[in-house]
Amino acid sequence: MLPVLLSRLAGRIALMAPGGFSLRPWLQRLRGVAMGRNVWISQFVYIDEIHPTDVTIGDNCSIGLRTSIIAHFYSGPRRAINNGRVVIEKDVFIGPHCVILPNVRIGEGAVIRAGTVVSRNVPPHTFWGPPPAEALGVATVPLTPEHTYEEFAEGLKLRIKRQPKWRGSESK
């Protein structure tokens with residue numbers, strides 16, 4: 001693992017470096033992020049700069065553009081104890097512009113909708129997103145390079161909420 005200053009520099013380089021399957025994951029591993037095989041990290045992904053060792057990413061995960069993964073909530077000097085860990089299990093797809101907060105576990109095969117703030121645990125094989133962040137359905141096929149988008153969409157079992165009937169909206 002790198003000293004603090006070099007770790008922060010590697011994190012900044014990883015924001016814009018090429019190589020979503022190669023250089024960016026390698027730089028994050030070098031910083032101390034525990035990461036599985038075949039992980040895609042898009043550009044401008046921020047992984048906690050103070051506590052990268054508290055972030056775990058499983059095999060076959062994809063992390064979308066401008067996502068932030070934060071493993072602590074405090075300001076000021078670095079502390080030996082932080083607020084929590086972030087665990088992203090295998091086969092997880094995180095859409096662009098998401099924020100993953102401390103003390104969160106994202107279950108295997110889950111799909112996080114773009115723009116979601118993940119502040120609590122996400123069950124495995126769940127399509128998760130706003131408004132408000134909740135289970136939107138069950139993802140029976142992971143959205144990973146081994147499967148096409150069409151396979152994912154066919155395997156997606158959406159939870160449908162029925163709209164309340166308005167008084168007087170019935171046809172006469």
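This is a predicted model: local features need pLDDT of at least 70, side-chain atom pairs count only at pLDDT 80 or more; totals for chains, interfaces and linings use all residues.
Setting aside neighbours within four places in sequence, Ile106 is in contact with Val87, Ile88, Glu89, Val92, Ile94, Ile100, Ile112, Val118 and Val122. Some of those names come back when you look at the largest nonpolar core, which has 25 residues. Within that core, Ile57, Ile88, Ile94, Ile100 and Ile106 touch the most other members. Strand 4 (55–57), strand 7 (86–88) and strand 10 (104–106) each put at least two residues into this core. Apart from it sits another core, this one of 7 residues, including Val111, Phe127, Leu136 and Phe152.

Strand 13 (residues 126–129) and strand 14 (residues 134–139) run antiparallel to each other and pair over 4 bridges. A hairpin of 4 residues links the two, and Thr126 faces Val138 across the pair. On to the next pairing: strand 14 also pairs with strand 15, again in the antiparallel sense, over 3 bridges.

That brings us to leucine 158, which belongs to strand 15 (residues 156–158). Its bridge partner is Gly137. Beyond residues up to four places away in sequence, Leu158 touches Phe127, Leu136 and Gly137. Its C-alpha atom is 8.5 Å from that of Ala139, which is 19 residues away along the chain.

So is Leu158 buried or exposed? Leu158 counts as exposed because its relative accessibility is 53%, and the cut-off for exposed is over 50%. As background, nonpolar side chains in soluble globular proteins tend to be buried together.

Notes. Residues are numbered from 1 along each chain as its sequence is written. Side-chain values use heavy atoms; hydrogens and water are left out. A nonpolar core is a set of buried Ala, Val, Leu, Ile, Met, Phe, Trp, Tyr and Cys residues joined through side-chain atoms within 4.5 Å. Buried means under 20% relative accessible area, exposed over 50%, partly exposed in between (1.4 Å probe, protein chains only). Contact means heavy atoms within 4.5 Å. Two strands pair if DSSP finds at least two bridges between them.
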